[in-house]
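Here is a short report on pockets, core and backbone. Have the sequence and the 3D view open as you read.

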Amino acid sequence: MRNFLIKLGLNAVALWLTTLVYSQGVYFERSGQTWDVLVAALVLGIVNALIRPVLLLFSLPINVLTLGLFTLVVNGVVLSIVAWATSLDVRNFGAAIIGALILSVISWILDTVLHTLDGKQDA
């Protein structure tokens, strides 16, 4: 349960930072209240766990042909699904792809920092 809450918090922070960095393309309708960000992060986690693997499986041939670059499009679709289900708003599909790329980079940085801090606490 602790790991789930940590991942939810990291997703929420990454999503919130993405809306700050790329506010002209990805933003919250009601200025990003805490509840909206947490719900969007929860939906993002569910969509990443259930729908994204199916999309990646169906897009495997084109993903192989593009050497994995089509994954950006899949990530854009995932962000569009989250925007459809929550108060997150994405201006258009191009903004969804750029927002998903920014979200991936921010999530990777936060995850790296968390693992670095976690490793220093164990030593």
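## Second largest pocket

The second largest pocket has 11 lining residues, and Arg2, Asn3, Ile6, Leu114 and Asp118 lie nearest its centre. H1 and H6 are the elements that give two or more residues to this lining. H6 gives the most, with 6 residues. By class, the lining has 4 nonpolar, 3 polar and 4 charged residues. Its space is about 240 Å³.

A pocket here is an open set of points on a 1 Å grid over the protein atoms alone, where a 1.4 Å probe fits, with protein on both sides within 12 Å along at least five of seven lines; lining residues have an atom within 4 Å of a point. Volume is the space filled by probe spheres set on the points, which are joined across faces, edges and corners. Ala, Val, Leu, Ile, Met, Phe, Trp, Tyr, Cys and Pro count as nonpolar, Asp, Glu, Lys and Arg as charged, the others, Gly among them, as polar.

## Basis of the model

This is a predicted model: local features need pLDDT of at least 70, side-chain atom pairs count only at pLDDT 80 or more, and totals for chains, interfaces and linings use all residues. Residues are numbered from 1 along each chain as its sequence is written, and side-chain values use heavy atoms, without hydrogens or water.

## Largest pocket

The largest pocket has a volume of about 540 Å³. Its lining counts 21 residues; Asn11, Leu44, Gly45, Asn48 and Ser107 lie nearest the centre. H1, H2, H5 and H6 each supply at least two of the lining residues. The lining divides into 12 nonpolar, 6 polar and 3 charged residues.

Beyond its neighbours within four places in sequence, Leu15 is in contact (heavy atoms within 4.5 Å) with Phe28, Val37, Ala40, Ala41, Leu79, Leu88 and Leu103. Leu15 is one of the buried residues of H1; buried means under 20% relative accessible area, exposed over 50%, partly exposed in between, with a 1.4 Å probe and protein chains only.

Leu67 has a positive phi of about 55°, although it is not a glycine. Most residues other than glycine have a negative phi. Leu67 lies in the loop between H4 (60–65) and H5. Helices here are DSSP runs (H or I, at least four residues), numbered from the N terminus. Leu67 counts as exposed because its relative accessibility is 77%.
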